[in-house]
Amino acid sequence: MGPDKNNPYVSIDTHEGHVDERADIVSSVKLVPASVEWTGDQRGYLNSRLMREFKLQPHKAYRLSFWLKTSANYATDKLFIQLIPTGSDQPIYRNYASGLGWGTKADGSWNDAGNSDASMFAAGQDWKRYELDFNTGDKAAIRMYLGTQRVGVAGSAAWVDDLEIRELGLAHPVVRKSTPIVVTPAAGGAAYVEGTHYAIDTTDKTRLVVLRNSIPQGAKLNVSWYQSGVNMASRWGTPATFCTPDQRYESTQKSLYDKLFGYFGGQGDTARYFMYYDEIRVFNWDPSCNQAPATAGDYLRKMVNSVTSLVTNVQQSGYGKPVEVLTWNDMFDKKMNALPRYFQAKGDLSTWSTRLNQNIVIVNWAGGGGTTTTDDAVRTASLAQFAGDQHKQVVALYYDNLPSVTNWINVMKAAAANVAIDGVMYTTWKAIDSKTPYSVPYGNLDEVAAQMRANFEGRWPK
């Protein structure tokens with residue numbers, strides 16, 4: 001585990017290290033935030049990070065732990081960790097809501113907050129241990145990246161020491177009829193029965209307890225289970241299955257729509273429901289789903305079409321007005337996340353035989369706030385893909401970068417003859433809270449609206 005000799009932002013510090021009873025020398029890896037930002041078509045940041053490759057076993061649960069110390073002025077929100085299979089660019093672990101991942105309690109359940117929460121990670125802290133749990137999926141060689149891709153505070157630093165990885169026992173199991181825990185003798189034979197031969201430890205849920213005289217002393221066991229992906233990629237992502245017999249996921253979505261309609265459904269002649277299908281990083285692992293969808297792309301479309309059918313059934317809903325359903329473009333977009341391999345989505349998202357319900361309005365954020373020719377090429381191709389499937393589209397533009405509005409305007413004008421653009425959405429990442437006036441996140445709303453009126457006369461109110 002060594003730094004890149006050509007990178008001045010990563011070094012071995014022989015004067016600083018986490019000291020315990022096993023340590024015979026004091027040293028650690030020192031990470032100094034990058035100070036250079038790339039510009040132009042090669043947008044990004046010079047990395048300041050530690051990389052280590054692990055040779056692991058596929059479909060196994062592991063825990064990665066490490067110790068961190070930071071200087072008083074270190075920008076903690078710049079530090080992140082991710083795990084990427086060797087030869088791939090799609091992580092099997094990266095929790096965007098918590099840059100340093102998500103640890104576990106002593107009983108094996110997830111912590112209440114991520115490792116990057118203010119109470120867990122702070123500037124000026126002394127050595128502190130962090131951990132995260134993950135599953136290799138169908139991969140074996142995994143590269144860990146710990147560091148920053150953002151310009152930080154000059155003169156600050158973080159130190160990393162005592163990195164460790166070990167296989168786990170029963171980690172975050174998801175237990176239902178289609179995803180059972182199975183315990184069998186390693187030498188072969190019938191599966192043991194929970195409650196008769198073994199039980200799950202109530203204090204430490206990662207352990208099995210063998211009940212008295214039920215399994216021979218010293219016997220080797222094989223234990224298999226399905227592990228929750230909740231904190232491995234995106235805590236608030238869409239659930240990993242919709243194939244339960246009672247279609248519980250679709251029912252939950254319909255209930256959410258009903259509640260929203262109760263608040264806002266009396267306005268206008270049409271009810272609208274914006275479905276959250278965006279950057280779904282873990283799905284299609286439930287074996288009960290494997291009978292129907294041919295690919296991950298088919299799985300996703302069948303799920304979305306099923307929810308759409310429930311929501312738009314006016315007779316069932318009893319609201320007496322048509323329902324327009326919208327969703328994000330990226331998971332269905334071949335220029336974005338509809339890829340052969342995407343995070344921990346099982347299967348190929350780039351191919352499908354199931355057509356997405358063409359009445360769904362696509363909210364298109366291709367290119368984000370980018371202003372390069374590459375960004376515009378992605379936007380053009382994305383608009384064309386969904387126009388070819390006869391979807392109306394709403395362009396989600398701005399992303400806190402005013403110059404990018406001009407890029408989108410040019411793309412929309414060029415595509416106007418062949419693409420049904422139903423509107424635009426002012427899209428901002430800036431937070432609104434009690435300390436942030438509305439004028440901050442919506443400070444450019446007038447300017448964006450003025451550009452729409454100037455370039456699309458007749459479509460926008462004066």
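1. Let's start with a strand pair: β6 (residues 61–70) and β10 (residues 158–167) run antiparallel and are joined over 8 bridges. Arg63 sits opposite Arg166 in β10. Strands here are DSSP E runs of at least two residues and helices are H or I runs of at least four, numbered from the N terminus; two strands count as paired if DSSP finds at least two bridges between them.

2. Before going further: this is a predicted model, where local features need pLDDT of at least 70 and side-chain atom pairs count only at pLDDT 80 or more, while totals for chains, interfaces and linings use all residues. Residues are numbered from 1 along each chain as its sequence is written, and side-chain values use heavy atoms, with hydrogens and water left out.

3. On confidence, pLDDT is the predictor's own score for each residue, from 0 to 100. The protein chain averages 86, and 88% of the residues score at least 70. Where pLDDT is low, the predicted coordinates should not be read in detail.

4. Back to β6 and β10: they belong to an open sheet of 5 strands, ordered β1-β2-β10-β6-β8, with antiparallel pairing. β1 (10–13) and β8 (128–135) are at the edges with a single partner strand each, so one side of each has no neighbour in the sheet. From one strand to the next the twist averages 35 degrees.

5. Within that sheet, β1 pairs with β2 (residues 28–31) in the antiparallel sense over 4 bridges, and Asp13 has Ser28 in β2 as its bridge partner. β2 also pairs with β10, again antiparallel, over 3 bridges; there, Val29 is partnered by Val160 in β10.

6. There's also an open sheet with parallel pairing: 5 strands in the order β15-β17-β19-β20-β21. Its edge strands, β15 (271–275) and β21 (421–427), each pair on one side only. Neighbouring strands are turned by 25 degrees against each other on average, direction ignored. β19 and β20 (residues 393–398) run parallel and are joined by 3 bridges, with Ile362 opposite Gln393 in β20.

7. Helix α2 (residues 296–312) lies across β15 and β17 (323–328), at about 155 degrees to β17. Angles run from 0 to 180 degrees between N-to-C directions, using lines fitted to C-alpha atoms (for helices, over the stretch in contact).

8. Now the helix pairs. α4 (residues 373–388) packs with α5 at an angle of about 40 degrees, axes 10 Å apart. The two are therefore oblique to each other (under 35 degrees is roughly parallel, over 145 roughly antiparallel, 65 to 115 roughly perpendicular, the rest oblique). Asp376, Arg379, Thr380 and Leu383 of α4 touch Ser404, Asn407, Trp408, Val411 and Ala415 of α5, contact meaning heavy atoms within 4.5 Å. That splits into 4 nonpolar, 3 polar and 2 charged residues (nonpolar: Ala, Val, Leu, Ile, Met, Phe, Trp, Tyr, Cys and Pro; charged: Asp, Glu, Lys and Arg; polar: the others, Gly among them).

9. α5 (residues 403–415) also packs with α6 (residues 445–455), at about 25 degrees with axes 11 Å apart, which makes α5 roughly parallel to α6. Here Val405, Thr406, Ile409, Met412 and Lys413 of α5 meet Val448, Gln451, Met452 and Asn455 of α6. By class, this contact has 5 nonpolar, 3 polar and 1 charged residues.
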